[in-house]
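Please read it with the model open.

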Amino acid sequence: MSKYIPTIGVEVHVELKTNTKIFSNSINGYGEMANSLTNVIDLGYPGTLPTLNKEVLNLAIKAATVLNCKIRREMHFDRKNYFYPDNPKNYQITQSRTPIGYDGYVEVEVNGVKKKIEIEEMHIEEDTCKSTHRGTKTLLDFNRAGVPLIEIVTKPCMNSGEEAKAYLEKLRELLFYTDVSDCKIEEGSMRADANVSIRKNESDPFGTKAEIKNIGSITNVAISINKEIERQTKIYDSGETFKPQTRRYDDKLGDTVLMRVKETGNDYRYFPEPDIPFVYVTDEMIENVVKTIPMLPDERRKVYVEKGVSEVNANKLVQNRALSDYFNELLNENTNLKIASNLLLGDISGYLNKNEKTITETTLTKERFLELINRMEDNTLTSKNLKDILDKILEETVSIEEIIKTSGIENITDDSAIRDVVKSVIAENPGSVEDYKAGHDRAIKYLMGQVMKASKGSANPKIAMDILVEELQ
Amino acid sequence: MKYLNKSVLEIHELLKEKKIKPIDLVEEAFENIENNKELNAYITLNKEEAIKQAKELEDKEVDNILFGMPIAIKDNIITKDLLTTCASHMLENFIPLYDATVVEKIKSKNMIIIGKTNMDEFAMGSTSRTSYFGAPLNPWNKTKISGGSSGGSAVTISARDLPFALGSDTGGSIRQPASYCGIVGMKPTYGRVSRFGLVAFASSMDQIGPMTKNVYENALLLNAIVGKDERDLTSAEKETEDFTRLIGKDVKDMKIAVPNYFMSDIVNEEVKSAIKNTIEVLKNAGAIVDYVDMKYLDQAVTLYQVIALGEASSNLARFDGIRYGFSKENPESIKDVYFKTRQEGFGTEVKRRIMVGAHILSGENAKIYYDKAMAVRAAMRQEFKRIYKDYDLIIGPTATTTAYNQTDSLDDPLKSFLDDVLVNPANMSGLPGLNVPVGFDNDHMPIGMHIIGNDFEEAKIYQLASFIEKELNLDLTPGGEK
């Protein structure tokens, strides 16, 4: 639409999945009673000092690794000084001068075009407390104060809302798969701000920037950015300008609204945090963290497709980490992964959703699943029969064979029983038999369908076909 | 019967032999404090709790030398359930929820906290006159200042109210009042004593230390409060040592440096002459004393102002009227909460220092001033390290003068920084420093010598200090008649 080139940079705050807070031993939890997860350190009491949760470093190293960042080996923390009621010490401990990660990238694909989204830096900091405004009062919940965060800042390298969306989806997938964060935007454990500006030519300096704060979902990131591009375009087209500003996305309005015009240069009076000595990251620390990184989503998709899984199924599996992890256990087995993926994403997913379970909460061990796949593959269990015994397969521990036997749906593999059925079908459908003999291939499919119907689906299809062909001779 | 003017060793023996009980000491301490009430050494007394604790101790075994000993705590050290005001209106009614690590440690020795001592507001000052509760008075002459910021602790020890006190030292706040009041005060190596529970002034320099009437007892108290603390990342991992172990050893062949700057014309002649006399005593005992040139020492006050005030502006931001402490009633907005609470809650000197500190860290200033100061600070530390390659200890006067009049220099904010010109460098460099009394001026006000050691060499400082103490054998009881 536009004669302007949009430029977008994204800042993402991600809460790290640690047991305790970054600078105190309070529990890092969500949804607990207000101010129940706090101590004197989180409240910024006089005389208290921060300690440093080692797990935070490990998760930050992990995030930096999967975001292809360089990892700083010697770093310190800084104080960012500003007064705000949600900021208990009225300074936030963050990393300003020595972010743990820098010069990284993630690769995304938008409309079939691959693009590297460059990451400027990634640093560790503490979360503020949560404020709730009630009339003229503001209520403060310090449970969130001191929850560890990483902030990931891209270069101004994106050109559309769709690219930003793809970046955030990729980021979420990576951090979720590596257990860095649960990345729940609705619970605030992942929060995105976007900086948007537009300009006429690549050679022009960047246009005036608007920052869109705390966008509630990844979809809304794309919408709000595109809306903002539209808004800026209209302003420039009408020959006007605007001041650098902070906006927020209003979901009901479906548009961004002005929060405040930015004052000239915030003065956060940064200086090195004297309460925390320099932190050194060793090779050993990095090696130990890298060991814990599982196979990443892109790799999974690639391997699945290589092993015969359809692209659609590969994508679906990766969208569900529990299923994907489960599926990975099968990768080195000599089995039919295509059938396995169909089973997992079909009937089994249906069961899991209905019963609000995860795959590991069922009784389907790897061994039993392999047995099930084999049964499906050699047609000794039909899809229809599977539906009848699925609950048992997923809730009982006996072998699949045993379940089939005791459920009375054992596939009729007895030749004579099938032959009887086949004979009666042939007797009842002389017309189709004529057609077959006249060379119409479709007729045999119809007859086969009748055989399966008469046997209530329990005939082994392969054996039934052989007998049918034989009897038709 | 008086016991508290005896040595701690003697008191300990009496306790052990059950000739006296801890309650006798506690009652005597409160009686002394009552008699010396006009010295204004205390902000809060812990009478009820101290008596209760003393009685509980009667059934317990006297298991260590500090058992049952009364101690006074500077009021910027957090004490659970006991008012901790930092001598500020801001915390006038602040009753903490926890104990500082040092308080836990002295409680574990069954020492008895008698009260919280007066000080400069948030430790900002060198005269204790910025206290919201009025200045303490110097027991040697009540018209003179006590020094500060740990003025109350110095006064109560000097007045012989009780044997032990804790102070804190950011730029000389233990050593300078110790000098003015004629007592022994040690600022340990940065990291030696946990800062957890010390209300922060300048985090990279603050250190808690012991204040006592003599060197041996000072080392005893240091023994009790040191150690790595998991709650303070800047505390140092060190093997336990007995800081009294070198006390009594002679100083023959000890190599001592006297920086020329410390004996330059910034120092009062009477003070210099007391130091020179002491140097002669040391030489006569076989110590090698050399005058040396050291760079950067004259920069200490400037450096201190930049770094300490920068850090202080951030450390004191938490006093905002929201979670604890003073809060201005009926605010109209959040800005109102901040502005009015801090306007009324802080005294003039504190506000002045916060503003200077905030300015120093503001925008480009952070690079111009703070970063530069940190670089010079590192260079100053290297300069000390250079001297310690050849010398065991560095000495000089603790203060440029003796205690001056309560009414002097009230309107000169720079004066209080210049008072600390000789003691600042040890804070800048993280080194341990101690004041030991070495004489009196013509008005019989005490003069102190400052001994600076290499990192973690407190024991060596005590060795030299106790030798001087023994050789000079001064009568350090104010009035002299007790």
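The expected span of a helix is 1.5 Å times one less than its number of residues. Helices (H or I, at least four residues) and strands (E, at least two) are DSSP runs, numbered from the N terminus. The model is predicted: local features need pLDDT of at least 70, side-chain atom pairs count only at pLDDT 80 or more, and totals for chains, interfaces and linings use all residues. Residues are numbered from 1 along each chain as its sequence is written, while chains are lettered from A and ligands numbered from 1 in the order in which they are written.

**Chain B overall**

Chain B holds 15 helices and 13 strands. Its radius of gyration, taken over C-alpha atoms, is 21 Å, close to the 23 Å from the globule rule (2.2 Å times the number of residues to the power 0.38) for 482 residues, so chain B is as compact as a globular protein of that length. The C-alpha trace spans about 70 × 55 × 45 Å along its principal axes. Of the 482 residues, 59% count as buried. Buried means 20 or more other C-beta atoms within 10 Å of the residue's own; exposed means 12 or fewer, and partly exposed lies in between, with C-beta atoms placed from the backbone.

**Helix α11(B)**

Helix α11 of chain B covers residues 348-361. Its 14 residues reach 20 Å from first C-alpha to last, close to the expected 20 Å. Which residues of α11(B) are buried? They are V350(B), R353(B), I354(B), G357(B), A358(B), I360(B) and L361(B). G363(B) follows α11(B) and has a positive phi, near 50 degrees.

The buried residues of α11(B) pack against these elements:

| Element | Chain | Residues |
|---|---|---|
| β15 | A | 271-272 |
| α9 | B | 300-315 |
| α12 | B | 365-390 |

**Contact with chain A**

Two residues are in contact if their C-beta atoms, placed from the backbone, lie within 7 Å. On that basis, 33 residues of chain B meet 25 residues of chain A. On the chain B side, α9, α10 (334-345), α11 and α12 each supply at least two residues. α9(B) gives the most, with three residues.

**R129(B)**

R129(B) sits in the loop between β3 (112-117) and β4 (137-138) of chain B. R129(B) counts as buried because it has 21 C-beta neighbours inside 10 Å. Not counting residues up to four places away in sequence, R129(B) touches A135(B) and I145(B).
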